[in-house]
Amino acid sequence: MNNLIFGVLALIFSSTLYYWSWRYQQKERYWPAITLIIAGGLGLYFYTSADFFLHYWDERYHALVAKNLLNHPLIPTLYDTPVLPYDFRDWQANHIWLHKQPLALWGMAGSMWLFGVNEIALRIPSIALVAVAIYLVFAIGSYLFSKKTGYLAAFLFSMNGLLIPLLSGRKATDHVDIFFMFFILLSIYLTVQFCRKENPLYSFLIGFSIGLAILSKWLPALIVLPIWLLLVGDSEKFSLKVTITNLGIILVTLTITFLPWQLYIFSVFPQEAAWESNYNFHHLIEGLEGHSGSVFYYLNRIRINYGEYIYLPLGWFTWKSLKDISNRKRLAVLIWFMLPFLFFSMAKTKMQAYLLFAAPALFYMTAEFFYALVGLRDRYRYRWVFNVILVLIIILPIRYCVERLTVFEFMDRNPQWVIDLRNLNKEKFESGVLFNYDHPIEAMFYTDLTVYPGLPTNDAIKNLRQQGYTIIVNDDGNLPHHILATDQIVKVELAKNKDPEL
């Protein structure tokens, strides 16, 4: 695939739709404007998602577990049929895989059930959720502030340079964080609908959506609750009794939604569940797997992910919110960002996507600040200063988006190592075990083999043959004599996976 040609076409397609969207917005025709933003975003999403290989972190693990769930939806496995001893504590090479909550994995498995086991099917759920989320960002922003603020926030969201690599699997935590962000957005959107329509049915839906967010990535989903309380209080439509009753409905519903899976895994897989629960806690007190950083990690990172001028709207919005603490809508947005920001800044393990679910709040702050500057511009002599800031607020995020699309970088998007694995799977080995392949997780996704990176010992070869396994070894040019000399081992030559970093 010619990356440059398709990339330029995708940019032209999406830029054209974004331009006409902006024109419709200027005429206050918001429905076609948002529809065009969604269409323009989809052009970028499908382009970046058309990588015909699994990405190194963390997509390959999520992909393999999702593939295995097709055969047993309630038993998440990494090594589906481990033939060698394994450490249940090693989430990168174990059998029962509880390293993540199941919802995103079920979503990916469902998509592969519909569209086949392939990379695009794996990414379709994230693409679809982000497309819907664009509308949710607009709708929430329209309620909290104004339609023009909601529109600009939706635009910034749709082409964000962190969001796009995540939904296409190019960045760590990928589809799991997309699912998590979506259900938090949906919960807040349903909260807005509850405040508007006063229908208690929305309380059940809010609880269910929060429960699904927990089933995507655990308890930070409870950030919705203080936001719900502030927006319900701001509406001034509900008595204390009605508020408490609906809060109770939400709490009961979300518990009924997320708790059964937790009880199930502790009952059926107690050893693995206990270990993962303890491991999750250690994210707070220890920088795990090299993902550490100072307390200023996220303060520094947001300038890269959301534009270098993000500190201006963040500081201005914080000042405005604290100056007028009675404005509960503003306070809700501030809490939406600040609570996760402070919490994860204090936690020892740090990754840039941990704050993705709070990103819409930053887009609302940016949009409000943008229009505040527009309002101030005509009052001062040096309008050009305001114009420069306004342009940079938009241009800098766009620049980062284009960089993360990697349109102008050479990429082999259908690499030989994937082709070799697909061809190997056509051999239909009976109970095959492949050794000496450096990337066993990817190999198990593309084949029906059990795969290990090392060479088998003589005892392992003997035991596996006695059990009826076909032993396959990747010939990398450095095989020992005892492997080369036996005709009981199938030798294959597979291209090396070069671990593309995007």
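## Aromatic contacts in a predicted model

Both Tyr-30 and Phe-138 are buried. The structure discussed here is a predicted model, and a search of the whole of it finds 38 aromatic pairs. Tyr-30 and Phe-138 form one of these pairs, a stacked one, with 5.9 Å from centre to centre and 25° between the planes. This pair links distant parts of the chain, since Tyr-30 belongs to helix α2 (residues 30-49) and Phe-138 to helix α5 (residues 119-144), 108 residues apart.

A stacked pair is also formed by Tyr-79 and Tyr-452, and here too distant parts of the chain are linked: Tyr-79 lies in the loop between α3 (59-69) and α4 (103-115), while Tyr-452 lies in the loop between β2 (450-451) and α20 (458-466), 373 residues apart. The two stacked pairs are set out below.

| Pair | Centre to centre | Angle between planes |
|---|---|---|
| Tyr-30 and Phe-138 | 5.9 Å | 25° |
| Tyr-79 and Tyr-452 | 5.1 Å | 25° |

Tyr-79 counts as buried because its relative accessible area is 4%, under the 20% cut-off. Tyr-452, at 11% relative accessibility, is likewise classed as buried.

Beyond these pairs, one aromatic cluster is formed by Phe-145, Trp-316, Phe-317, Trp-336, Tyr-364 and Phe-369.

Conventions
Residues are numbered from 1 along each chain as its sequence is written. This is a predicted model: local features need pLDDT of at least 70, side-chain atom pairs count only at pLDDT 80 or more; totals for chains, interfaces and linings use all residues. Side-chain values use heavy atoms; hydrogens and water are left out. Rings of Phe, Tyr and Trp (its six-membered ring) pair if their centres lie within 6.5 Å; planes under 30 degrees apart count as stacked, over 60 as edge-to-face and the rest as tilted. Helices (H or I, at least four residues) and strands (E, at least two) are DSSP runs, numbered from the N terminus. Buried means under 20% relative accessible area, exposed over 50%, partly exposed in between (1.4 Å probe, protein chains only).
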